[in-house]
Protein chains: 2
Amino acid sequence: MPAQTHPIRIDLSDFFAEHVTAKQLQKARPEGKRALKALEKDEKAGRMDFTKLPDDKKLLDASVKLARKMKSGVTDVVICGIGGSSLGFLAVAEALLHPRHNALPDSKRKVPRFHLLDNADADTVAAVLDIINPSKTLVVVISKSGSGGETIANFMVVLERLVKHHKGSLPGALKQVVAITDPENGALRRFVNEHKVASLPVPPGVGGRFSVLTPVGIFPAALLGIKVADLLAGAGAMLKRCHRSDPLVNPAMTTALALDLHCKAGRPITVFMPYADSLWRTADWFRQLWAESLGKATDNHGHRVHVGMTPMAALGATDQHSQVQLYAEGPDDKTYIFLRTAAKTKVSIPKPRFEKDAYGFLGGSTLDTLLNIEGDATQAALKTFGRPTMRIDMHQTTAHNLGQVFMFLEMVTAGVAALWDIDAYDQPGVELGKLLTKYNMGVESAGEQYVDEYGGIKVKEIKPKHGISRDDPLVF
Amino acid sequence: MPAQTHPIRIDLSDFFAEHVTAKQLQKARPEGKRALKALEKDEKAGRMDFTKLPDDKKLLDASVKLARKMKSGVTDVVICGIGGSSLGFLAVAEALLHPRHNALPDSKRKVPRFHLLDNADADTVAAVLDIINPSKTLVVVISKSGSGGETIANFMVVLERLVKHHKGSLPGALKQVVAITDPENGALRRFVNEHKVASLPVPPGVGGRFSVLTPVGIFPAALLGIKVADLLAGAGAMLKRCHRSDPLVNPAMTTALALDLHCKAGRPITVFMPYADSLWRTADWFRQLWAESLGKATDNHGHRVHVGMTPMAALGATDQHSQVQLYAEGPDDKTYIFLRTAAKTKVSIPKPRFEKDAYGFLGGSTLDTLLNIEGDATQAALKTFGRPTMRIDMHQTTAHNLGQVFMFLEMVTAGVAALWDIDAYDQPGVELGKLLTKYNMGVESAGEQYVDEYGGIKVKEIKPKHGISRDDPLVF
């Protein structure tokens, strides 16, 4: 049994297929070297501050201390956050808590339940308000910019419930609030300062999708009793491995180079497939990291490129019965990253009490053995069909190992961006949707903005179609 | 407010983009006619028996009756099923139950909690066993073939718990079991017959991913108080619309033709994006339908084709903060299906108590208005970026409307398969993984099978690699 601090294992030996050979990877070494140099420069220039987080004990201590202070008497934590302000925490919580955390009796759970509000979904918000006790609820509102419409709307709804509980007293309600936002800027920070609300900072140099190791992910995890220091230690250990200067000895740059080769060879879809229910949200976190960081219209020199790799999350073994038919027989346009671990619990499969011929092979084994044999079998089958597969072995789902996975994938992402010479840290493509939303919510000034390269139209001239007639031959 | 039986609205008027014009769609009419003829033939030949389900009152009644009989005194339903044996039910349950169904107090819920075991995941299975009361638990085991390894393994584990509760009595435990499987064949059916276990049939002509309207989806939904007859009625109403003989008046065939044109024009990725937490599992259900039905190595004449469209599930508005950057700026290789509805609950956003300049536009609105404006804005923004979007409006999330959505998507899938001249109803690509699993679980005979076109190797000659040395330069 490996120690908790065992390095995770990254195996690319089956990651080749038609058009992408080990030899080509060797040939790409100079490109990898250039990319590593670019990353070094970016780190020094403060553009990759997520790499500073493993050593930022001050930030860690601030989260842990505040969590200790705020959690007493709390039965429910409501977290308002979306995208980069929720996916990292969710990955951590799902990986490391009991799989039915909220359903456990209090005596077994010992830490609060949690409820994430990560959508402007009235039914979900109402349902959460149905089941929490406002006198014992802590609300955590997370928005780096302080301007996320859904997050703030949800926060206002939940806060109103607390204010009502406090008989109309805003200061009373705000004692049950923690805000995580920019240390200086934005409306949420102004609010926090004015009303003396408990708060933690998001370092300005760390973007949302790289923020899991800041208070954004660490504070709510600490509230729930997760060993957050181990997450940082794991990430730090991996960072060392990903700082190696030979690109083909550096696991992140080797992976980035291979993925780049596959993308150029017609495999732009990246399937991320953990074999454990508890790692499903890690795949979801990766989806954002990969899509937002690499999906870009222009490169660093302003050239129109429209690059990107499309992440797909799949869950083993479940999605063997949903997606693997396509993976095995469909177009050869995907790469496959298997994320493997061991179950925390041993569940024996009993000898069958019936149909021994059909079911006998299951009896006497364990569920975890079955799951891991299925993972091996699926990878081997895809290899047989000529599909490129790589594999990350976590050994066990611990905070330390999860921290390693986070940092590895962040460095792979940064590596591909460096190879492509694009900015991994912005997201200009979502701006138009945000402005359209604001304009249609009544903010006139938003309608005047965004006169851009796409035809030079103003936001207010882009009309969402409402209720086009069924007379249109294309409306059924 | 539209009536419950209002037809859902399917809007393809923004579903064009570079290389795919309305004119081309017109030109494809003869191809659409041929495909509709092929579907008619398939229906008559009994290859599309999912179209018979809306009128199969006998099958519906059998589910409803058995549900009524079995649910008395039951607090927890454990469902063992995977892929086509779970995704349809899950879509129905999530769409139509309270969003925190299991967390509600019994007095508010009134029907049992449910727990789905759809993976060979020891931690999840152990967690579910942690929280159920074996004396009041009903176990539903669902496997059409009766040979699903994960499903049977989970069933054996849960059954053992019941047997223990019944002090070793198998007949006692089996009173708390319902099996849903083939009416005649397979080990599960033999077991059911021998031990007189309560059971329901899966019609032999309905494949797993098309089985949501059979007892596979209907029985567990009926146990939880869902209006299952409405699902069938909605599906039946949609089927009529999808039987129209002019392909461009037929919503399913028009959609199939447009998706086929896009696929040929370099857009093989199909993004399915509901705007409601409660429809996330409908997207998951669609993922299987689309991937397994269309991802095929050979066509109906045995020619090697390797076709398929890759489904991606995305959730609005949440994934605007995760995927939309890629959709807007990345490669133009996707089509977008928006699924829209209205919330069941009205949640007002209060006037802000702080930062009125920044947050004032939210106050006085509702969460559902915000969500729908975001959906409109995202679709309009993608259109502005030249991306093809279509839209399904459910109006409200009712059983009738969900039934319409299911049948529409099933007929679109069948339509594309007819256009491509492939078999939508088989899944030969998963066989090798299953055989490898069996062989590595100790079934020697599985190792002798599968000598196929991929190099003519036997299963036992395909060795999953275990613990390759870290000396390999591609292992880190």
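1. B:Thr181 stands opposite B:Pro201, a residue of strand E6 of chain B. Strand E5 (residues 177-181) of chain B runs parallel to E6(B) and is joined to it by four bridges. Strands here are DSSP runs of E of at least two residues, helices are runs of H or I of at least four, and both are numbered from the N terminus; two strands pair if DSSP finds at least two bridges between them.

2. The model is predicted: local features need pLDDT of at least 70 and side-chain atom pairs count only at pLDDT 80 or more, while totals for chains, interfaces and linings use all residues. Residues are numbered from 1 along each chain as its sequence is written, and chains are lettered from A and ligands numbered from 1 in the order in which they are written.

3. In chain B, five strands make an open sheet with parallel pairing, in the order E3-E2-E4-E5-E6. Strand E3 (113-117) and strand E6 (198-201) of chain B each have a single partner strand, so one side of each is left without a neighbour in the sheet. On average, neighbouring strands of this sheet are turned by 20 degrees against each other, direction ignored.

4. Helix H3 (residues 57-70) of chain B packs on this sheet, where it touches strand E4 (137-142), E5 and E6 of chain B, and its direction makes about 160 degrees with that of E6(B). Helix H9 (residues 187-195) of chain B lies across E5 and E6 of chain B, at about 140 degrees to E5(B). Axes are lines fitted to C-alpha atoms, for helices over the stretch in contact, and angles run from 0 to 180 degrees between N-to-C directions. Contact between two residues requires C-beta atoms, placed from the backbone, within 7 Å.

5. B:Ile337 lies in strand E11 (residues 334-340) of chain B. It counts as buried because it has 25 C-beta neighbours inside 10 Å; the term buried requires 20 or more other C-beta atoms within 10 Å of a residue's own, with C-beta atoms placed from the backbone. Beyond residues up to four places away in sequence, B:Ile337 touches B:Thr270, B:Val271, B:Phe272, B:Met273, B:Met390 and B:Ile392. B:Ile337 and B:Thr270 are 67 residues apart in sequence, yet 7.4 Å apart in space, C-alpha to C-alpha.

6. Chain A can be laid on chain B by a turn of 180 degrees and a shift of 0.0 Å along the axis, with an RMSD of 0.0 Å. The two copies are thus related as by a two-fold rotation axis. Superposition is by least squares on the C-alpha atoms of residues with pLDDT of at least 70 in both.

Conventions:
Buried ≥ 20, exposed ≤ 12 C-beta atoms within 10 Å, placed from the backbone.
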